[in-house]
Amino acid sequence: MNINLKTTKFAAMSIQENYNAIKSQLPYGVELVAVSKTHPVSAIQEVYGLGQRVFGENKVQEVTEKYPLLPKDIRWHLIGHLQTNKVKYIAGFIDTIQSVDSEKLIREINKEAAKNNRTINVLLQVKIAEEESKSGLEISEARELFEQYLNGEFKNICITGLMGMATFTEDQDQIREEFLTLKKLFDELNQLKKLETLSMGMSDDFPMAIECGANSIRIGSAIFGRRDYSQ
Ligand SMILES: *Cc1c(COP(=O)(O)O)cnc(C)c1O
């Protein structure tokens, strides 16, 4: 497939123009998670009005504040590091937790999902970047957790795929290599049990992520404009 995508780097356009520009570039079958962190409810309503239903937030407090104010058919994804003691605040409504980076966390999500009589979708976040600041499971740890899951642990969890973030660098070869590392693991685990989601790619690197096999991308600033502070 020949994909020719351009990143929308400049937010001089309106939210609507940004959103339509991104949507029109996405190949069929690639899901868009609109990352609304730091942006107000009014901006989310605007993007919702354009048809978007999947939104990503990185903080428990922020998503629990926004959730009651917005339509109930929004599927909320948590994409930021999650502390085990905060799982209980989102377990009743979160659709997918993309940032599962420890066994302790997956156990806690499973427990809280059971209490709420529901199944929570999770992605295993795998560390593919070289930066220490980016969290995630080592590849071997992701394999082990997936095996436990296949053995019937975590009854109230559905592992739907993998998530990863590439290093923040200009080096396109490095970014490609990191994304391909995650794609390889995805293909391997997908042989054991069908997975739906390979979540990789953000505003600056989503065209490369899609080239490398991503079928879900997490886009914030290219839709909503730049955030006031970097998170
Ligand atoms: C903020 C964030 C994004 C979106 O970043 P943009 O560069 O604004 O598109 C994607 N994924 C994660 C995990 C994030 O924290």
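The entries below go from the ligand to the strands and then to a few single residues.

**Entry 1: what kind of model**
I noted at the start that this is a predicted model.

**Entry 2: around the ligand**
I asked which residues surround the ligand. I found Val35, Lys37, Ile79, Met165, Met202, Ser203, Arg218, Ile219, Gly220, Ser221 and Arg227. Sorted by class, this shell has five nonpolar, three polar and three charged residues.

An N or O atom in the side chain of Lys37 is 2.7 Å from an oxygen atom of the ligand. Ser203 has a polar side-chain atom 2.5 Å from a ligand oxygen atom. For Arg218, a polar side-chain atom lies 2.8 Å from a nitrogen atom of the ligand. The ligand taken alone exposes 390 Å², and the protein buries 92% of that.

**Entry 3: Lys37**
I went back to Lys37 and checked where in the chain it sits. Lys37 is in the loop between strand 1 (31-35) and helix 2 (41-49). Is Lys37 buried or exposed? I found a relative accessible area of 9% for Lys37, so this residue is buried. I also checked the record: an unreviewed UniProt entry lists Lys37 for "modified residue: N6-(pyridoxal phosphate)lysine".

**Entry 4: the domain in the record**
I looked for a domain next. UniProt, again in an unreviewed entry, places the feature "domain: Alanine racemase N-terminal" at residues 14-226. Over residues 14-226 I read 41% helix and 19% strand.

I followed the pairing from strand to strand. Strand 3 (residues 75-78) runs parallel to strand 4, and two bridges join them. Leu78 has Ile97 in strand 4 as its bridge partner.

Strand 4 also pairs with strand 5 (residues 120-125), in the parallel sense and over three bridges. Here Thr96 stands opposite Asn121 in strand 5. Strand 5 in turn pairs with strand 6 in the parallel sense, over six bridges. In that pair, Gln125 stands opposite Met163 in strand 6.

**Entry 5: Gln25**
I picked a residue in a helix. Gln25 belongs to helix 1 (residues 15-25). The relative accessible area of Gln25 is 17%, and the cut-off for buried is under 20%, so Gln25 counts as buried. A polar atom of the Gln25 side chain lies 3.1 Å from the backbone oxygen of Ala21.

**Entry 6: Arg53**
Arg53 is in the loop between helix 2 and strand 2 (54-57). With a relative accessible area of 26%, Arg53 is partly exposed. I also looked up the separation of the C-alpha atoms of Arg53 and Asn151, and it is 33 Å. Along the chain, Arg53 and Asn151 are 98 residues apart.

Key:
Residues are numbered from 1 along each chain as its sequence is written. This is a predicted model: local features need pLDDT of at least 70, side-chain atom pairs count only at pLDDT 80 or more; totals for chains, interfaces and linings use all residues. Side-chain values use heavy atoms; hydrogens and water are left out. A residue is near a molecule or strand if one of its heavy atoms lies within 4 Å of it. A polar contact is a pair of N or O atoms within 3.5 Å; within protein, one must be able to donate a hydrogen and the other to accept it, and residues adjacent in sequence count only if both atoms are side-chain atoms. Accessible areas come from the Shrake-Rupley method with a 1.4 Å probe; for residues, only the protein chains shown count as cover. Ala, Val, Leu, Ile, Met, Phe, Trp, Tyr, Cys and Pro count as nonpolar, Asp, Glu, Lys and Arg as charged, and the others, Gly among them, as polar. UniProt positions are given in the numbering used here, feature names are shortened, and annotations may be inferred rather than shown by experiment. Helices (H or I, at least four residues) and strands (E, at least two) are DSSP runs, numbered from the N terminus. Buried means under 20% relative accessible area, exposed over 50%, partly exposed in between (1.4 Å probe, protein chains only). Two strands pair if DSSP finds at least two bridges between them.
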